[in-house]
Amino acid sequence: MGRSNWTKADSVKAKQIWAQYQRQHNVADRVGQTVGIDPQSGQIWFGESIRDIVLQRDAEDMKSPLFFERVGSETYLRKGCRQ
């Protein structure tokens, strides 16, 4: 599945996988970390950043696209600022 093949269904599936993971595991000690979710395999990776997760996966020769979230946040990144 290449970048151009990512669908809204992939995002929905990844969010479901992450919600299920959080119900089964305590992630309180991971707040602020990045989580990468593979909607096809259901695998989850944790790291300090997207780059950190990509490097972990490169070492395992894994190339499938991931959905990223920030543990404990509703959004991964917010652009701009409010004053």
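Modeller: Before we start, helices (H or I, at least four residues) and strands (E, at least two) are DSSP runs here, numbered from the N terminus. This is a predicted model, in which local features need pLDDT of at least 70 and side-chain atom pairs count only at pLDDT 80 or more, while totals for chains, interfaces and linings use all residues. Residues are numbered from 1 along each chain as its sequence is written, and side-chain values use heavy atoms, with hydrogens and water left out.

Biologist: Fine, and in what order do the elements run from the N terminus?

Modeller: The order is α-β-β-α-β, made up of two helices and three strands.

Biologist: Where is Asp 38 found?

Modeller: Asp 38 sits in the loop that links strand E1 (34–37) to strand E2 (44–47).

Biologist: Then what does the side chain of Asp 38 join in a polar contact?

Modeller: Its partner is the side chain of Ser 41, at 3.3 Å. A polar contact is a pair of N or O atoms within 3.5 Å; within protein, one must be able to donate a hydrogen and the other to accept it, and residues adjacent in sequence count only if both atoms are side-chain atoms. Leaving aside neighbours within four places in sequence, Asp 38 is also in contact (heavy atoms within 4.5 Å) with residues including Ile 17, Trp 45 and Arg 57.

Biologist: Switching to H1, which of its residues are buried?

Modeller: In H1 the buried residues are Asp 10, Ser 11, Ala 14, Ile 17 and Trp 18. Seen down the axis of H1, they fall within an arc of 125°, taken from the directions from the axis to the C-beta atoms, so they line one face of the helix. On the other side of H1, Lys 8, Ala 9, Arg 23 and Gln 24 are exposed.

Biologist: And what covers the buried residues of H1?

Modeller: The cover includes E1, E2 and strand E3 (67–70).

Biologist: Which residues is Ser 11 in contact with, leaving aside its neighbours within four places in sequence?

Modeller: Those are Trp 6 and Phe 67, and the side chains of Ser 11 and Trp 6 are joined by a polar contact of 2.9 Å. Ser 11 has a relative accessible area of 17%, and its C-alpha atom is separated by 7.5 Å from that of Pro 39, 28 residues apart along the chain.

Biologist: How many salt bridges does a search of the whole structure find?

Modeller: The search finds one, formed by Asp 58 with Lys 63, whose closest N and O atoms are 3.3 Å apart. Asp 58 is partly exposed at 37% relative accessibility, whereas Lys 63 is exposed, with a relative accessible area of 59%.

Biologist: Last one: what is phi of Asp 61 near?

Modeller: Phi is near 55° there, a positive value in a residue other than glycine. Asp 61 belongs to the loop between helix H2 (50–59) and E3, and Asp 61 is exposed, with a relative accessible area of 60%.

Conventions: Buried < 20%, exposed > 50% of the residue type's maximum accessible area, 1.4 Å probe, protein only. Salt bridge = Lys/Arg side-chain N within 4 Å of Asp/Glu carboxyl O.
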